[in-house]
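Please read the sequence and the structure shown here side by side.

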Amino acid sequence: MVTQRHQPKRRTSNNVTKKLKQSTIATSTNNMKSSLLTSNKLSPSTKYDIMIKKCDICLMKYNKLDPVAAHRHKEFHDVQTKGLKWAVSNYLKNSKFALKPLNSSLKNSRGTRDIFQMLSGSQHHQPLTPENSQRSTNFNPQEDSACGEYIIEIQKENVQEVKLALQLLDFVNEELTAPKDENDFWISGKGKCFVFIKDGRAVGVITLEDLVSTHYTMKWMILSTKEIVEHVNPRFLAGVSRIWVSKQYRRNGIALKLLETARRSFCFGVELKPLQIAWSQPSESGSKTAKKFNSVLHKSGELLIPVYF
């Protein structure tokens, strides 16, 4: 007797079935939303609510029905929370800085100076010679790629570095809603850019402008009210154009480490004093950093920070 063998029926797991149902529901929901948006039955505000989503973590608003916008949010969210992947395989000599303890000048930035001399800009700071151990000249990218953290100065000769730095600054400007045409002044020698690298990602960045012989207005700003102190015209040597730290790594002193590295390395052979560095329209978090770095106490009891615009 010949018996016919029946093929056993394939069983679909519950997980696969659920995923298929979810995918079908999501597709039908999006199709329904798209049809609603194209109809005239909804008010503009309702259509806006259907399309626009605000991320609770990175706070970016985007059109969730647009694949390009959704992809942009994914990139932005990744950089804001974890930093930008830093795949630079070759560093130029003397571009890397070893991290050092914060300078004692930060601890004594208030209460030990003649405030009236500083307000008038008549105090002349004597430059200090940077310590020789500041730069790490025997940096080996292969050895350091998987270890700890360090700061690098972006060298315009390293095209890969410059490209990544500009990409990072684009994300920074997007978060700060700042102009994007102010990113590359340091490439032409009018300033410098330093990036904080941790575990293969750029988690912090600072760009400093050279304020010597510039058209900028330099003033003191009352920290609590954001008011400018009139009739006083101080002079500062460098200005913080951008300073940013990825959300996951904030409140760990990274911004102050970037500032310390920048002030020690902005001009070869000269170490800038904190009060020779001004701020360009500091954000709320930037104001908190400025308060720690170089605020001064006025006799009125108000804290002042140096600004330029």
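## Salt bridges

The structure holds 8 salt bridges, a salt bridge being a side-chain nitrogen of Lys or Arg within 4 Å of a carboxyl oxygen of Asp or Glu. This is a predicted model, in which local features need pLDDT of at least 70, side-chain atom pairs count only at pLDDT 80 or more, and totals for chains, interfaces and linings use all residues. Residues are numbered from 1 along each chain as its sequence is written, and side-chain values use heavy atoms, without hydrogens and water.

One of the bridges joins Glu182 and Arg242 (2.8 Å, N to O). Glu182 lies in the loop between α7 and β6 and Arg242 in strand β9, 60 residues apart. Helices (H or I, at least four residues) and strands (E, at least two) are DSSP runs, numbered from the N terminus. Arg242 is buried at 7% relative accessibility, while Glu182 is partly exposed at 34%. Buried means under 20% relative accessible area, exposed over 50%, and partly exposed in between (1.4 Å probe, protein chains only).

## Nonpolar cores

The largest nonpolar core has 29 residues. Such a core is a set of buried Ala, Val, Leu, Ile, Met, Phe, Trp, Tyr and Cys residues joined through side-chain atoms within 4.5 Å. Helix α8 gives the largest share of this core, 6 residues.

Leu259 is among the residues with the most contacts inside the core. Beyond its neighbours within four places in sequence, Leu259 is in contact (heavy atoms within 4.5 Å) with residues including Ile206, Val240 and Trp279. A second, separate core of 21 residues includes Val79 and Val162.
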